[in-house]
Amino acid sequence: MDLIGQKWKLPILWYIADAENQTLRYRELERKVVGITATMLTKCLRELEQDKFITRKQYSTIPPTVEYTLANRGRTLIPALESVYKWADEQMKIIVSIKRGSKGSRIRNIHKKSQWCCLDEGGN
């Protein structure tokens with residue numbers, strides 16, 4: 001988890017994977033990853049490059065152009081990210097239907113340290 005556990009690394013990898021040819025320029029990433037500072041984006045990109053998740057290509061243009069592409073290691077991570085996304089999407093649909101009071105669902109609210117937990121259909 002040290003390799004990808006940092007807050008911004010997964011969104012960066014996801015946006016690069018979702019891009020045409022799995023390549024994005026620095027400024028495109030800066031626009032897509034909402035809330036990240038330029039310093040943090042640079043730091044994360046360097047770490048992802050060092051850990052072989054992405055490759056960096058710099059062009060000799062004015063202004064300088066830098067592109068980031070998924071490396072083989074990064075490509076192997078994408079199916080796992082897609083599975084987690086699919087699972088989370090399914091769970092959100094269940095939560096929404098429970099909150100709307102769908103029939104057949106049993107909701108138990110458990111108050112524990114100021115957090116409420118909703119349990120789905122079998123009370124699990």
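This is a predicted model: local features need pLDDT of at least 70, side-chain atom pairs count only at pLDDT 80 or more; totals for chains, interfaces and linings use all residues.
Let me start with strand β3, residues 65–70, which is mostly covered, since six of its six residues are buried, where buried means under 20% relative accessible area, exposed means over 50%, and partly exposed lies in between, with a 1.4 Å probe and protein chains only. Strands here are DSSP runs of E with at least two residues, helices are runs of H or I with at least four, and both are numbered from the N terminus. Residues are numbered from 1 along each chain as its sequence is written, and side-chain values use heavy atoms, with hydrogens and water left out.

Within β3, T65, E67 and T69 point one way, whereas V66, Y68 and L70 point the other way, and all of them are buried. Which strands does β3 join? Strand β1, residues 23–25, runs antiparallel to β3 and is joined to it by three bridges, and strand β2, residues 54–59, is also antiparallel to β3, with six bridges between them; two strands pair if DSSP finds at least two bridges between them.

Turning to the helices, α1 and α3 pack at an angle of about 75 degrees with their axes 10 Å apart, the axes being lines fitted to C-alpha atoms, for helices over the stretch in contact, and the angles running from 0 to 180 degrees between N-to-C directions. That angle makes α1 roughly perpendicular to α3, because 65 to 115 degrees counts as roughly perpendicular, under 35 as roughly parallel, over 145 as roughly antiparallel and the rest as oblique. On the α1 side the contact is made by K9, I12 and L13, and on the α3 side by L41, C44, L45, E47 and L48, contact meaning heavy atoms within 4.5 Å. These residues divide into six nonpolar, no polar and two charged, where Ala, Val, Leu, Ile, Met, Phe, Trp, Tyr, Cys and Pro count as nonpolar, Asp, Glu, Lys and Arg as charged, and the others, Gly among them, as polar.

That brings me to the salt bridges, each a side-chain nitrogen of Lys or Arg within 4 Å of a carboxyl oxygen of Asp or Glu. A search of the whole structure finds five of them. One of these is between K9 and E47, at 2.8 Å from N to O, and it links distant parts of the chain, with K9 in helix α1 (residues 9–18) and E47 in helix α3 (residues 38–50), 38 residues apart. Is K9 buried or exposed? K9 counts as buried, at 2% relative accessibility, whereas E47 is partly exposed at 22%.

Another salt bridge joins E30 to R27, with the closest N and O atoms 2.6 Å apart; both lie in helix α2, residues 26–32, three residues apart, or about one turn of the helix.

Finally, K93 forms a salt bridge with D89, with a closest N to O distance of 3.4 Å. K93 and D89 are separated by about one helical turn, because they are four residues apart in helix α4, residues 72–99.
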